[in-house]
Amino acid sequence: MSHADKNDRWFRFGLWTGCGLLVAFLTLPLASLVLSVRPATLLAQLRQPPVLDALKLSLITSIAASGIVVLLGLPTAYWLATRDFRGKRFVETLVYLPMVLPPTVAGFALLLAFGRAGLTGDALAFVGLRLPFSTLGVVVAQVFMSAPFFVAPTRAAFLSLDPKYRQTAATLRSSEAYTFWRVVLPLTAPSIVAAAGMCWARALGEFGATITFAGNMPGRTQTMPLAVYMALQSDFDGAIALSLVLVVVSISLLLALQFTSSGLFGQTTTRVTR
Amino acid sequence: MIVLFMIAPWNFAITFGSGVRKLENRLGCLVAFASVAACAPGETNRTDIVVFAAVSLTEVVGDIAQIVETANPDLRVRTNFAGSQQLALQIAQGAQADVFATADERWMDFLIEGGFARVKRPFAANRLVVITRKGLTFRDMAEPGTSIIVGADVVPVGHYTRRVFSRIAAASDYGPDFARALSRNVVSEEDNVRAVLAKVLLGEADAGFVYETDVQGLHNQAYHVVPIPAQVNLSAQYFIARTADANDVGAEAFMQVLTAPAGQSVLRTRGFSPI
């Protein structure tokens, strides 16, 4: 065979091996989780009040947090996509920081900022707000950690929009606001929905910042990930049941987003011409 | 071995063309050889003793470890501190440990029944206290609006706290309403006692139920220690055992020091009551 064919075979072999190893590595823990379930105990576990409390709390707080992030993140993403200004790189870094900050560190920083003894503690107390150890505190922690997961892809979506649409709208004398609502937003809607989905998934899975800032109180601040963490220290069956619920919810979310018009990560294959 | 080390760099140089006649290559070989030789194990082999201990024993185990290492230069103590429940579960899941020290009997029995530990020995006792904002008394703990942090029930300190609450409910001076008010004031359940202490000292809560030994020697402008009335308080029993697959020499050395006068004196200094 020719030299080129032989190289291609090795290349494909390398692709398969690398891909196979990673996929196997990612699948094995999930498979183990599914295989450790005892169906008889699973349903009984899912009906326990602590489990139901955690599930309800997780859903309410993560949806609230996502709502806040979308509300505040849309203007942020649009601003970062369309304006250039001094210190822009710094602002970008700040906005994306929670993505790479260890969650426990973030939780601790939130305490120092919004805790009773923190920087804004007195101001918050004046307004009657007490964030640590409250459900609102859970939402705050989730907003902090999941915001970049919405802002980053949304900004990318705004940037990837063909400039000719906005230019055309401008030549037709439409204001920036009108252009945004009637042109930009409808065209980037699928990507924004996907970004909101990512943000929600991150908020749902948030653990480190929540347990540090909001504490751990069943019914009030013990979200699903915290409940799993505590269950692991005493009741394995409970932990397995909770973990499965979280996995099923996360997988369903990702699958649902994959089947929207642009998918989660946009185009999934590039045509490679030989 | 040494001959191999000496040949290898030369082969390296020859393979890459310019051979060993060039000065750079000879110097390179020398450096390569020296760095490899330097990596050869120079220390004597030390045996590790791995101690998993409840987090309230942090300072005690540190002191005992120093005594053990000074008396036995061939032993090195490595430690892992966490809530006793986490340590017990880690050992049950296969974590390597030689000695296990818990703050309550539940988790020691859990390991013994599972065959992971052998022969438990009580070695110290502790008491609970309340650390609270200055100006608050024990009665203030039941006032609406007071925020209390406790350990979760799986954690020894949390379980002891709940037993104290039960004893408060049964005590004539306090009664069930007081105990209920206390439970209502709990705002967070942590997974080890030092986390309880940390959250309280950060100023986020008004009070926390911790061990007497955790707050020994505390100098804080905003917080002080309030004792729990003797009729409702209880004694926390600490147990130690070697694990099923322990290194017997190391484990025995550690446990001997702990139960010897030197160890007992360490416990007393740190605020524990000897058994």
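Modeller: Contact here means heavy atoms within 4.5 Å. This is a predicted model, in which local features need pLDDT of at least 70, side-chain atom pairs count only at pLDDT 80 or more, and totals for chains, interfaces and linings use all residues. Residues are numbered from 1 along each chain as its sequence is written, chains are lettered from A and ligands numbered from 1 in the order in which they are written, and side-chain values use heavy atoms, with hydrogens and water left out.

Biologist: Let's start with chain B: how many helices and strands are there?

Modeller: Helices (H or I, at least four residues) and strands (E, at least two) are DSSP runs, numbered from the N terminus. By that rule, the count for chain B is ten helices and ten strands.

Biologist: What percentage of the residues of chain B count as buried?

Modeller: Relative accessible area decides this, with a 1.4 Å probe and protein chains only: buried is under 20%, exposed is over 50%, and partly exposed is in between. Chain B has 275 residues, and the buried share of them is 48%.

Biologist: Is R242(B) buried or exposed?

Modeller: R242(B) sits in strand β9 (residues 235–243) of chain B. Beyond its neighbours within four places in sequence, R242(B) is in contact with residues including D98(B), V99(B), A117(B), R118(B) and M255(B). Its relative accessible area is 19%, and the cut-off is under 20%, so R242(B) is buried.

Biologist: At what angle do helix α9 and helix α10 of chain B pack?

Modeller: In this pair, V257(B), L258(B) and T259(B) of α9(B) meet α10(B) residues, among them P261(B) and L267(B). Axes are lines fitted to C-alpha atoms, for helices over the stretch in contact, and angles run from 0 to 180 degrees between N-to-C directions. For α9 (residues 248–259) and α10 (residues 261–269), the axes are 4 Å apart and the angle is about 65°.

Biologist: Which residue has a side-chain oxygen that reaches to within 2.9 Å of a backbone nitrogen at the start of α8(B)?

Modeller: Helix α8 of chain B covers residues 193–201, and its buried residues include V193(B), L197(B) and V200(B). After the helix comes G203(B), with a positive phi near 90°. At the start, the backbone nitrogen belongs to R194(B), and the side-chain oxygen belongs to N192(B).

Biologist: Is V119(B), with its positive phi, buried or exposed?

Modeller: V119(B) is not a glycine, yet its phi is about 55°. This residue is found in strand β4 (residues 117–133) of chain B. With a relative accessible area of 62%, over the 50% cut-off, V119(B) is exposed.

Biologist: And F133(A), is it buried or exposed?

Modeller: F133(A) also has a positive phi, near 65°, in a residue other than glycine. Its place is the loop between α6 (121–126) and α7 (135–160) of chain A. At a relative accessible area of 3%, F133(A) is buried.

Biologist: Now the interface: about what area do chain B and chain A bury between them?

Modeller: The contact takes 23 residues from chain B and 22 residues from chain A. Buried area is the accessible area (1.4 Å probe) that two parts lose on being put together, summed over both. Carbon and sulfur atoms carry 54% of it, and the total is about 1,800 Å².

Biologist: Which residue of chain B forms a salt bridge with R116(A)?

Modeller: A salt bridge is a side-chain nitrogen of Lys or Arg within 4 Å of a carboxyl oxygen of Asp or Glu. Across this interface the rule finds one. The closest N and O atoms are 2.9 Å apart, and the partner of R116(A) is D206(B).

Note on methods: A polar contact is a pair of N or O atoms within 3.5 Å; within protein, one must be able to donate a hydrogen and the other to accept it, and residues adjacent in sequence count only if both atoms are side-chain atoms.
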